[in-house]
Amino acid sequence: MKTRQLLLTALAAGLLGASFGAAAYDADWKRGRIYYRSVCTACHAAQTGGSIAPSTMTMAQWESYLKADKHAAGKDSLRRYVGKDYRAGIRSQNKAADKFADVPDAELLEDVKAFVIKGAKDGDAPASCS
Amino acid sequence: MKTNRPNRLARYWRATLLAAALAGGALAGSAALAATTASTADHAKFKELQQSFASGPEVTKACLICHTEAAQQVHQTKHWSWEFLNPATDQTLGKKNVINNFCISVPSNYPFCTSCHVGYGWKDASFDFTAEENVDCLVCHDTTGSYRKLPGLAGHPPYQDTEIPPGSGKFAKAVDLTKVAQKVGRTSRDTCGACHFFGGGGDGVKHGDMDSSLAAPDRELDVHMDATGLDFTCGTCHRTSSHDVPGSRYTPVARDTEGAHIPGREDDSLPATCPACHGQAPHRGGGHAAKLNDHTDVVACQTCHIPQIARGGVATKMSWDWSTAGQMGPDGKPMLKKDEAGRVIYDSKKGDFVLGENVVPEYRWFNGEVTYTLLGDTVDNREGVTRINRLGGSATDGKSLIWPMKVFVGVQPYDPVNRTLVTPHTAGNDDTAYWKNFGWERAIKTGMQVSGAAFSGQVDFVRTEMSWPITHMVAPKENAVRCGECHMQGGRLEAIGGVYIPGRDANPLIDLFGWLMAGGALLGALVHGGLRIVRRNG
């Protein structure tokens with residue numbers, strides 16, 4: 001009983017702490033932009049030659065895509081590609097992965113999310129005079 | 001036991017909450033500590049900014065409670081007045097006075113053009129330039145990327161969701177002024193670029209060396225701004241004091257003869273030039289490097305280190321022909337034509353465009369003196385082209401260097417009777433705006449009335465040219481222009497006069513002199529050797 005309560009306590013503490021932490025983190029869309037362009041776009045361009053510009057999807061589509069966490073038509077996890085392990089594996093050839101090697105996974109994912117949401121088809125876009 | 005159970009539970013819950021608070025606090029604290037490495041102030045904590053704002057000027061009033069001198073400083077700048085008296089030429093310049101061959105002119109189009117003014121409410125000539133609350137702090141200090149000023153709103157951001165363009169079904173969201181105000185920070189490539197990347201009416205249109213690709217460039221595009229490297233902002237070179245940003249296209253420093261500016265010296269200025277950091281002998285070492293340093297009194301750094309412009313995947317406009325504007329599609333409505341890449345090359349509102357990427361610049365002597373053809377000046381078409389801006393410079397004035405230029409060609413309306421350029425009223429929903437009614441005479445009549453200039457009522461088109469000195473998109477040294485690209489016939493500097501360029505030029509006198517020197521040396525060696533042989537045998 002005592003052990004179970006201690007475990008519950010620790011779990012609750014972790015969850016609450018994590019939620020406070022998540023609430024405290026203010027996503028850096030500019031850092032997300034650099035990572036997205038230098039890692040995600042660069043790899044996609046080299047591997048498939050296709051565009052994965054944020055504006056190819058709406059904000060809702062991006063939210064859904066990121067939540068599903070499926071990369072390459074569900075073959076693997078999207079989160080893997082912003083994870084520290086992945087960054088460590090490519091940092092010798094990729095300056096963005098090297099620069100952000102120590103950024104916590106959850107933060108970098110939020111950064112990337114903030115960038116694609118901002119740049120989505122129905123997100124904030126640069127103004128022009130036309 | 002039963003009586004103790006609630007107490008135990010209570011203890012566990014207290015422990016749980018304490019642990020949660022500590023863990024959460026630690027995480028939040030780490031984020032807060034991280035934030036303090038970038039700024040010494042968290043504007044979200046300022047009670048003046050903890051309110052909902054109905055308009056931009058309300059935000060400015062709150063800013064000025066602490067930043068008491070900021071608005072008056074901004075009032076002294078070209079960013080505010082859009083006016084500049086060039087002391088060298090006595091010409092009154094600035095955006096509100098010059099005419100260009102892109103969107104042509106500001107007067108009569110204020111509510112649209114002033115979406116790039118650092119102020120609120122400039123919708124006509126009655127704008128109050130003395131009102132401090134009219135200064136827009138957020139457009140330069142936004143860090144959220146969500147602040148935007150829409151064409152047609154006279155410098156205001158949208159305060160409610162706004163359809164743009166009207167009838168398009170596309171809506172720009174209302175800006176959350178409180179959120180933006182609470183997160184202000186230093187200027188960035190994004191804030192400067194919000195206007196300067198989009199000069200001329202779209203991304204990369206005007207400059208060629210500035211477009212949205214510079215917001216987060218790689219090293220290949222700009223070795224200084226490389227987002228994963230040096231990560232310079234615009235302000236790193238355009239080091240600003242009291243809101244006055246150095247670096248001017250009206251009076252640029254074409255040849256900086258000073259050495260590198262070192263912080264701590266009595267003169268702590270930092271002109272936005274290459275030598276301000278790199279000095280007069282920027283190439284280190286002997287041999288080839290020393291030879292390159294020999295060029296710095298003739299060739300601008302940019303000439304070798306910016307081999308092409310528009311290298312970031314965004315095309316720049318190279319020409320704009322207004323004379324073909326007004327053609328309608330099969331349905332009788334304004335139309336767009338696009339090239340294979342999906343870029344607009346014809347717009348009923350604007351005419352034909354020629355676009356370019358990876359454009360090799362043209363090269364000219366330039367001494368920093370720029371003279372404009374202004375409203376009222378007689379159109380000088382003797383060379384088949386009217387120069388909107390004439391750049392001074394020659395090989396012999398001691399002030400010039402060879403500079404790279406984007407030379408932009410336009411065909412724009414003018415008054416053939418008075419022989420002057422004109423200021424058409426293009427943007428707007430009234431019955432004289434060209435983009436609404438496609439009638440040049442009415443549009444120009446309205447525009448010239450607002451400008452206070454004479455108009456004969458007749459319209460023709462004139463070929464014009466505008467030169468833009470190139471200074472951004474600095475490539476890594478390994479991608480700099482090679483020696484042989486200039487030291488050859490038909491090379492980059494083929495049109496540059498007044499200077500002898502080995503490999504390009506063949507001056508008969510110099511060639512004769514050289515052959516005489518070489519022949520003399522050979523003759524001398526033969527005579528000397530022969531005499532030695534003759535004397536030894538003797």
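Mentor: Val298(B) sits in the loop that links helix 11 (288-293) to helix 12 (301-305) of chain B; helices are DSSP runs of H or I of at least four residues, strands are E runs of at least two, and both are numbered from the N terminus. The model is predicted: local features need pLDDT of at least 70 and side-chain atom pairs pLDDT 80 or more, while totals for chains, interfaces and linings use all residues. Residues are numbered from 1 along each chain as its sequence is written, chains are lettered from A and ligands numbered from 1 in the order written, and side-chain values use heavy atoms, without hydrogens or water.

With a relative accessible area of 24%, Val298(B) is partly exposed; buried means under 20%, exposed over 50%, and partly exposed in between, for a 1.4 Å probe and protein chains only. Once neighbours within four places in sequence are set aside, Val298(B) is in contact (heavy atoms within 4.5 Å) with Trp365(B), Leu401(B) and Ile402(B). Its C-alpha atom is 9.5 Å from that of Lys399(B), although 101 residues separate the two along the chain.

Elsewhere in chain B, helix 2 (residues 56-66) has Gly56(B), Pro57(B), Val59(B), Thr60(B), Ala62(B), Cys63(B) and Leu64(B) as buried residues. Their cover includes helix 3 (70-75), helix 6 (138-141) and helix 7 (177-182) of chain B. Between strand 3 (162-163) and strand 4 (171-172) of chain B lies Pro165(B), which is joined to Ile164(B) by a cis peptide bond with omega of about -10 degrees. Phe438(B), in the loop between helix 13 (434-437) and helix 14 (440-451) of chain B, has a positive phi, near 60 degrees, despite not being glycine.

Chain A has six helices and zero strands. Of its 130 residues, 36% are buried. Among its contacts between residues at least 6 apart in sequence, 62% join residues at least 24 apart.

One helix pair of chain A illustrates its packing. Helix 2 (residues 29-47) and helix 6 (residues 105-118) of chain A have axes that come within 7 Å and cross at roughly 90 degrees; axes are lines fitted to C-alpha atoms, for helices over the stretch in contact, and angles run from 0 to 180 degrees between N-to-C directions. The two helices of chain A are therefore roughly perpendicular, a class that spans 65 to 115 degrees, with under 35 roughly parallel, over 145 roughly antiparallel and the rest oblique. Residues making the contact include Trp29(A), Tyr35(A) and Tyr36(A) of helix 2 and Leu108(A), Val112(A) and Phe115(A) of helix 6 of chain A.

The loop between helix 3 (59-68) and helix 4 (84-90) of chain A holds Ala73(A), and Asp69(A) also has its place between helix 3 and helix 4. Ala73(A) is exposed, at 85% relative accessibility, and its phi is near 55 degrees, a positive value in a residue other than glycine. Asp69(A), in contrast, is buried, at 19% relative accessible area. Neighbours within four places in sequence aside, Asp69(A) is in contact with Asp76(A), Ser77(A), Leu78(A) and Arg79(A). The side chain of Asp69(A) reaches the backbone nitrogen of Arg79(A) at 2.9 Å.

Methods. A polar contact is a pair of N or O atoms within 3.5 Å; within protein, one must be able to donate a hydrogen and the other to accept it, and residues adjacent in sequence count only if both atoms are side-chain atoms.
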